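The structure is shown first, and the account follows.

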Amino acid sequence: MAYEAIWAADPSKINKFELVKLEKDGLDVIRTIIEKYAHEGYDSITPEDMDRFKWAGVYQQKPKDGHFMMRVRINSGIMTSDQARAMADIARDYGRNLVDVTTRQAIQFHWLRVEHLPDIFKRLEAVGLYSYEACGDCPRTVVGNPLAGIDKDELMDTTELVNQVNDFFLMNRDFSNLPRKYKMSISSNIYNSGHAEIQCLAFTPATKVIDGVDVIGFHAWVGGGLSAKPHLAKQLDLFVKPEDVLKVAIGVTTIYRDHGYREKRHHARLKFLVADWGPEKFKEKLIELIGDMPARGEDKIAGWKAAYFDGVHPQKQEGLNYIGLSVPVGRLDSDELTELARIADEYGNRTIRTTVSQNIILSGVPTEKVEAALAEKVFERLTPNPSHFMSRTVSCTGNEFCNLAVVETKQRAVLVAEYLDANVELDEEVRIHFIGCPNACGQKHIADIGLQGALVKTPEGMVDAFDIAVGGILGPGAQFNQVLKGRVKGDNVGPVLAQLILYYKENRSEDETFNQFVNRVGIPAFQDKLTSILAS
């Protein structure tokens, strides 16, 4: 290692996996996969290296029978049509045609085998993409504004900043061994499209008068994260000029690397260090590393739109438009992705953009071509005019593929959304997120209605069930939703949610959002309603 691993001085103070990482850096497994495991097969993989596969962006797929999941990093979710076409081909050749858009703007494959990985690595690299460090205890995909460069609601184009930060950390062995996963976002969109409050490190738009000049820059947030113990990020008293974003990112990541907790893996995220230190001490330590920084300026976050962009919208470039498509629970197939690449070439600017809401945007469509583009058959399912509930439903992978999930989520989420669209008329979108385990890849904590999978015992045996939480939101007034008592069987989720949403519809004030309604009537009122529903 090029740095001193000060945390390793006393091995009794670190968990067993830290010893595994010290024995062999996670990045080293990439070469081992290419030179050894791809030739010798699944059964030759050691348990220690199987854990290190995450640094290659690869996890074992349930039921651990030789198949793998892979994530591909997409900076800010912005990819070329050629990159999309290459990934569609990978899914077609190796992944049973399945393509998932994740809540971190990545593309995810399933059904891969270790023999396939070297060719997949080559195909990705040929179009400038990588799966490396999309998983593991390292800086992961840098989330950003999917509309960067075309957005009327951004203070500046952050594309190059995201690329700069990504390029610095990707495969950088000084930062390839962090205490746990590490998530960053950089966005200048005034509606918080990078979901700053749930990132380990986030940059949000701000301005400050410096030497009489109004400077566009960022405010920095640290210590956000979800999982079983969610934390909202804390804003540091710093104003970050664009040219200082990388410096701040290096400083924060260095603090986490050197001072983050490594004794217990469930207590190792940056959020725990920030919670213990507080933002003031954290800032002091950061300034020791990077030098003085200006104090905070003026926040430019105006609200939160949860990174939804469906429909046709004008870009900041005159005469050009972007088309926001709804991808039900983030899942599409290789043929659909190939079609989107063709449409991006034929009608747009050869660019496809993924969002943290698991959807897709096509950009650069001249106004005179919009009507013809919308007539394409693929938009019948991946529609720019989605139904209310399907358009706002997010889901993690669930136990179809994930070894941690206890229930199926993707198909369940689709069925629930279809039920609500068929049975509830509502002019307000209600965001509904499903997760299959406490790790919260489906980000249920920030949803209007979040559902976490569990199992309940019945006379017929164990069945899928869900805990329901209400009232999550990011942006000004950010708060996590609160769990209601009363576990709901999976088959009853649709009807139960319909009654909760009708309770909102029938009692809300004019123009009152679901979150505002929850805050006004209070959690006890929702608890009483759920208790009444379950008793009936």
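A cavity is a set of grid points where a 1.4 Å probe fits but cannot get out. A volume is the space filled by probe spheres set on such points. The model discussed here is predicted.

## Enclosed cavities

Three cavities of 30 Å³ or more are present in the structure. The volume of the largest cavity is about 50 Å³. Its lining is made up of His195, Trp304, Ala306, Tyr308, Val356, Ser357, Val394, Arg431, His433 and Ile446. Sorted by class, six of the lining residues of the largest cavity are nonpolar, three are polar and one is charged.

## The second largest pocket

Helix H14 supplies the largest share, with three residues.

By class, the lining of the second largest pocket has 14 nonpolar, eight polar and nine charged residues.

## A nonpolar surface patch

On the surface, a nonpolar patch is formed by Val406, Leu455 and Met462, which together have about 260 Å² of accessible area. Val406 is located in the loop between strand S17 (393–395) and helix H12 (410–423). With a relative accessible area of 37%, Val406 is partly exposed.

Side chains of opposite charge can pair when their charged atoms come close. The model contains 39 salt bridges. One of them joins Arg173 to Asp25, with 3.8 Å between the closest N and O atoms. These two residues are 148 residues apart: Arg173 is in the loop between helix H6 (159–169) and strand S7 (184–186), and Asp25 is in the loop between helix H1 (16–23) and helix H2 (28–40). Arg173 is partly exposed, at 41% relative accessibility, whereas Asp25 is buried, at 10%.

A second example is the salt bridge between Arg392 and Glu429, at 3.9 Å from N to O. This pair also links distant parts of the chain, 37 residues apart, with Arg392 in the loop between helix H11 (388–391) and S17 and Glu429 in the loop between H12 and strand S18 (432–435). Arg392 has a relative accessibility of 9% and counts as buried, while Glu429 is partly exposed at 31%.

Arg342 and Glu339 form a salt bridge with an N to O distance of 2.9 Å. Because the two residues are three positions apart in helix H9 (residues 334–347), about one helical turn separates them. Both partners are partly exposed: Arg342 has a relative accessible area of 27%, and Glu339 has a relative accessibility of 29%.

Salt bridges with shared partners also connect Glu18, Lys21, Asp137, Arg262 and Arg265 in one network.

Notes
Residues are numbered from 1 along each chain as its sequence is written. This is a predicted model: local features need pLDDT of at least 70, side-chain atom pairs count only at pLDDT 80 or more; totals for chains, interfaces and linings use all residues. Side-chain values use heavy atoms; hydrogens and water are left out. On a 1 Å grid over the protein atoms alone, a cavity is a set of points where a 1.4 Å probe fits but cannot get out, and a pocket is an open set with protein on both sides within 12 Å along at least five of seven lines; lining residues have an atom within 4 Å of a point. Ala, Val, Leu, Ile, Met, Phe, Trp, Tyr, Cys and Pro count as nonpolar, Asp, Glu, Lys and Arg as charged, and the others, Gly among them, as polar. Patches are made of residues with over 30% relative accessible area and no salt bridge: like charges are joined within 9 Å, nonpolar side chains (Val, Leu, Ile, Met, Phe, Trp, Tyr) within 5 Å. Accessible areas come from the Shrake-Rupley method with a 1.4 Å probe; for residues, only the protein chains shown count as cover. A salt bridge is a side-chain nitrogen of Lys or Arg within 4 Å of a carboxyl oxygen of Asp or Glu. Helices (H or I, at least four residues) and strands (E, at least two) are DSSP runs, numbered from the N terminus. Buried means under 20% relative accessible area, exposed over 50%, partly exposed in between (1.4 Å probe, protein chains only).
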